[in-house]
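This briefing concerns a predicted model.

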Amino acid sequence: MEGLLIGCGTVLLIGLFDPLASKGEYYFGTKINGAFLLGGFVFAGLSIFINHLIASILLGVVSCCCFWSIKEVKEQEQRVLKGWFPENPKRKEYYREKQAE
């Protein structure tokens, strides 16, 4: 039963972090990566010190999702620059500078 719970929790967490990375890039750009990095380290630390097996594993999954989101935010920015996703109208200047690079 524990394996099924961990598997379902992992799928749900991945499903949660995918839109978090996209929305994070939309509102904050790559600046959001600092929050994902900090979150990754915090949740990794919690995972190490929590004695409950399932909670520890799921915190480790959250940590990995945070670290994965850093890569995903960078890729999302590229998708926005290619026109595949909408850009935040409040950050038009940012995207214009990126396109000029």
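How many residues does H3 have, and what distance does it reach from its first C-alpha to its last? H3 has 29 residues and reaches 42 Å between those two atoms, close to the 42 Å expected at 1.5 Å a residue. The points below describe this helix and its surroundings in the predicted model.

**Geometry of H3**
- After H3 comes glycine 83, which has a positive phi near 90°.

**Nonpolar core**
- The largest nonpolar core comprises 11 residues: Leu13, Phe17, Ala21, Ile32, Phe36, Val61, Val62, Cys65, Cys66, Ile70 and Val73.
- Two or more residues of this core come from helix H1 (2–28) and likewise from helix H3 (53–81).
- H3 makes the largest contribution to this core, with 6 residues.

**Serine 63**
- Serine 63 belongs to helix H3.
- Serine 63 counts as buried because its relative accessibility is 4%, the cut-off being under 20%.
- Its side chain reaches the backbone oxygen of glycine 40 at 2.8 Å.
- Leaving aside neighbours within four places in sequence, serine 63 is in contact with Gly40, Phe43 and Ala44.

Notes. Residues numbered from 1 in each chain as written. Predicted model: local features only at pLDDT ≥ 70, side-chain atom pairs only at ≥ 80, totals over all residues. Heavy atoms only, no water. Core = buried A, V, L, I, M, F, W, Y, C linked by side-chain atoms within 4.5 Å. Buried < 20%, exposed > 50% of the residue type's maximum accessible area, 1.4 Å probe, protein only. Helix = DSSP H or I, 4+ residues; strand = E, 2+ residues; numbered from the N terminus. Expected span 1.5 Å × (residues − 1). Polar contact = N/O pair within 3.5 Å; in protein donor to acceptor, adjacent residues only side chain to side chain. Contact = heavy atoms within 4.5 Å.
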